[in-house]
Amino acid sequence: MAEKQSHLNGAYYGPAVPQPTQSYHRHGRGRGCGCCCLFSFLLKLIVSLVIIIGLAVLIFWLIFRPTNVKFYVTNASLTEFSLNGNNTLQYNLAVNITVRNPNRKIGIYYDTIEARALYGDQRFDMKTLTPFYQGHKNTSYLSTVFSGQKVVFGSDELTQFNVEKTAGVYSVDVDLYLRIRFKVGKLKTGRVKPEVKCDLKVPLSSTGNSAVTFESTKCDIDFW
């Protein structure tokens with residue numbers, strides 16, 4: 001009986017329970033980050049470049065305040081504009097153009113000046129004008145005469161001609177194709193090729209209608 005009691009008084013709680021084994025998952029460094037990190041880097045680079053370019057443009061504008069050059073046809077004289085029997089146009093058109101550079105710190109080199117005269121969609125003459133340099137806040141003057149004859153008319157131009165012949169005022173276009181460079185301080189830019197379009201309403205002087213006179217016309221300029 002005593003043996004049983006001594007056995008029961010012992011500190012026996014059954015077999016030891018093993019501790020649960022903790023498993024550690026070690027994440028690989030950089031796994032799955034390659035494309036995302038590269039995209040993030042490129043995005044930051046692009047944003048930085050945009051900001052730098054934007055600031056450079058803003059600083060340039062604040063310093064130089066660039067303004068578009070202005071072209072006006074101040075006078076156009078049409079002394080001959082007629083058709084003979086085979087739709088050959090005989091013409092004599094004199095044009096004066098004023099070029100205004102309003103910029104205080106930007107000069108302009110006009111390296112190539114090609115003037116084209118058109119009626120409808122048909123070009124009937126072309127002239128090459130003398131290159132020149134235009135300084136700051138300067139007004140320059142261009143003059144040219146288109147004279148000769150050329151077979152140019154299709155059915156659309158012939159219809160337009162017959163309508164305008166009655167009024168004695170013709171819709172003649174004079175376009176300038178330019179190659180120019182800008183001079184900013186001592187720096188000269190590369191060439192750009194703007195196109196100047198002048199849509200004119202020119203009265204025929206030989207009609208003797210003194211009530212119709214040419215009005216100074218502002219031209220449109222496009223860079224391409």
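Biologist: What should I know before reading the numbers?

Modeller: Residues are numbered from 1 along each chain as its sequence is written, and side-chain values use heavy atoms, with hydrogens and water left out. Local features need pLDDT of at least 70, side-chain atom pairs count only at pLDDT 80 or more, and totals for chains, interfaces and linings use all residues, since this is a predicted model.

Biologist: How many helices and strands does the chain have?

Modeller: Helices (H or I, at least four residues) and strands (E, at least two) are DSSP runs, numbered from the N terminus. The elements run α-α-β-β-β-β-β-β-α-β-β-β-β-β from the N terminus on. The secondary structure comes to three helices and 11 strands.

Biologist: What share of the chain counts as buried?

Modeller: Buried means under 20% relative accessible area, exposed over 50%, and partly exposed in between (1.4 Å probe, protein chains only). The chain has 224 residues. The share of them that counts as buried is 29%.

Biologist: Among contacts in the chain between residues at least 6 apart in sequence, what share joins residues at least 24 apart?

Modeller: Contact means heavy atoms within 4.5 Å. With that cut-off, the share joining residues at least 24 apart is 71%.

Biologist: How far apart are the end C-alpha atoms of helix α3?

Modeller: Helix α3 covers residues 155–167, 13 residues in total. The expected span is 1.5 Å times one less than the number of residues.

Biologist: Which residues of α3 are buried, and within what arc do they fall?

Modeller: The buried residues are Glu157, Phe161 and Glu164. They line one face of the helix, because seen down the axis of α3 they fall within an arc of 80°. That arc is taken from the directions from the helix axis to the C-beta atoms.

Biologist: Which exposed residues sit on the face of α3 turned away from its buried side?

Modeller: The buried side is covered by elements including β1 (70–83), β3 (106–119), β4 (122–129) and β7 (169–184). The face turned away from it carries Ser155, Thr159, Val163 and Thr166.

Biologist: Which residue just after α3 takes a positive phi?

Modeller: Its phi is about 75°. The residue is Gly168.

Biologist: Which residues touch the most other members of the largest nonpolar core?

Modeller: A nonpolar core is a set of buried Ala, Val, Leu, Ile, Met, Phe, Trp, Tyr and Cys residues joined through side-chain atoms within 4.5 Å. The largest has 38 residues. Those touching the most other members are Phe71, Val73, Phe81, Leu93, Tyr110 and Phe124.

Biologist: Which elements give two or more residues to this core?

Modeller: Nonpolar side chains tend to be buried together in soluble globular proteins. Here the contributing elements are β1, β2 (88–101), β3, β4, β6 (138–151), β7 and β9 (194–203).

Biologist: What does Phe81 touch?

Modeller: Residues up to four places away in sequence are not counted. The partners of Phe81 are Leu89, Gln90, Tyr91, Tyr119, Phe124, Phe161, Tyr170, Val172 and Leu204.

Biologist: Which residues does the disulfide join?

Modeller: A disulfide is a pair of cysteine sulfur atoms within 2.5 Å. A search of the whole structure finds one. Its S to S distance is 2.1 Å, and it joins Cys198 to Cys219.

Biologist: How far is Val69 from Arg100 in space?

Modeller: Val69 lies in the loop between α2 (34–64) and β1. Val69 is buried because its relative accessible area is 13%. Val69 and Arg100 are 31 residues apart in sequence, yet their C-alpha to C-alpha distance is 5.7 Å.

Biologist: Is Lys137 buried or partly exposed?

Modeller: Lys137 is found in the loop between β5 (132–134) and β6. Its phi is near 45°, a positive value in a residue other than glycine. With a relative accessible area of 39%, Lys137 is partly exposed.
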